[in-house]
Amino acid sequence: LQYHDYYQAFADFRSYVETQKTVDEKYKQRDQWIESTIQNIVNMGFFSSDRTIKEYAERIWKISSIQAK
């Protein structure tokens, strides 16, 4: 694969496996896992795709969003 991995699909595979081991260990500690998932949700920002669609709607298509009731 060193010379035939044109799209570099396996370039960071070792790093992925090591990170997955860390995740697996953290998952075993239920309280820590729950805390980290909550922190992840709290720290998430406004998704860039959401922002981009909103900007296109307002600036290019000149339409406003529909709010769910």
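E55 is partly exposed in this predicted model, because its relative accessible area of 27% falls between the limits of 20% for buried and 50% for exposed. The side chain of E55 meets that of R51 in a salt bridge, with a distance of 3.3 Å from N to O. E55 and R51 are four residues apart in helix α3, so about one helical turn separates them. R51 is likewise partly exposed, at 36% relative accessibility.

**Salt bridges**

How many salt bridges does the count give? The total comes to four. Another joins K54 to E58, and here the closest N and O atoms lie 2.5 Å apart. Both K54 and E58 belong to helix α3, where four residues, or about one turn of the helix, separate them. K54 has a relative accessibility of 40%, and therefore counts as partly exposed; E58, at 41%, is also partly exposed.

E18 is partly exposed, with a relative accessible area of 43%, and K21 is partly exposed at 47%.

| Salt bridge | N to O distance |
|---|---|
| K54 and E58 | 2.5 Å |

**Helix α3 and its end**

Helix α3 covers residues 48-60. The helix has 13 residues, and the span from its first C-alpha to its last is 17 Å, close to the 18 Å expected at 1.5 Å a residue.

R59 has its place in this helix. Is R59 buried or exposed? R59 is exposed, because its relative accessible area is 58%, and a residue counts as exposed when this value is over 50%. In sequence, R59 and Q32 are 27 residues apart, while in space their C-alpha atoms are separated by 43 Å.

I60 also lies in helix α3, and with a relative accessibility of 52% I60 counts as exposed. Together with Y56, W61 and I63, I60 forms a nonpolar patch on the surface. The accessible area of these four residues together is about 440 Å².

Most residues other than glycine have a negative phi. Which residue with a positive phi follows α3? The residue is K62, whose phi is near 55°. K62 is not a glycine, and its place is in the segment after α3. K62 is exposed, with a relative accessible area of 63%.

Q8 also has a positive phi, about 55°, although Q8 is not a glycine. Q8 lies in the segment before α1, the helix of residues 13-28. At a relative accessibility of 48%, Q8 counts as partly exposed, because a residue must be over 50% to count as exposed.

**Confidence of the prediction**

The average pLDDT of the protein is 85, and 91% of the residues score at least 70. Where is confidence highest, and where is it lowest? The highest mean, 94, belongs to α1, and the lowest, 86, belongs to α3.

Definitions and conventions:
Residues are numbered from 1 along each chain as its sequence is written. This is a predicted model: local features need pLDDT of at least 70, side-chain atom pairs count only at pLDDT 80 or more; totals for chains, interfaces and linings use all residues. Side-chain values use heavy atoms; hydrogens and water are left out. Helices (H or I, at least four residues) and strands (E, at least two) are DSSP runs, numbered from the N terminus. Buried means under 20% relative accessible area, exposed over 50%, partly exposed in between (1.4 Å probe, protein chains only). Patches are made of residues with over 30% relative accessible area and no salt bridge: like charges are joined within 9 Å, nonpolar side chains (Val, Leu, Ile, Met, Phe, Trp, Tyr) within 5 Å. Accessible areas come from the Shrake-Rupley method with a 1.4 Å probe; for residues, only the protein chains shown count as cover. The expected span of a helix is 1.5 Å times one less than its number of residues. pLDDT is the predictor's confidence in each residue, from 0 to 100.
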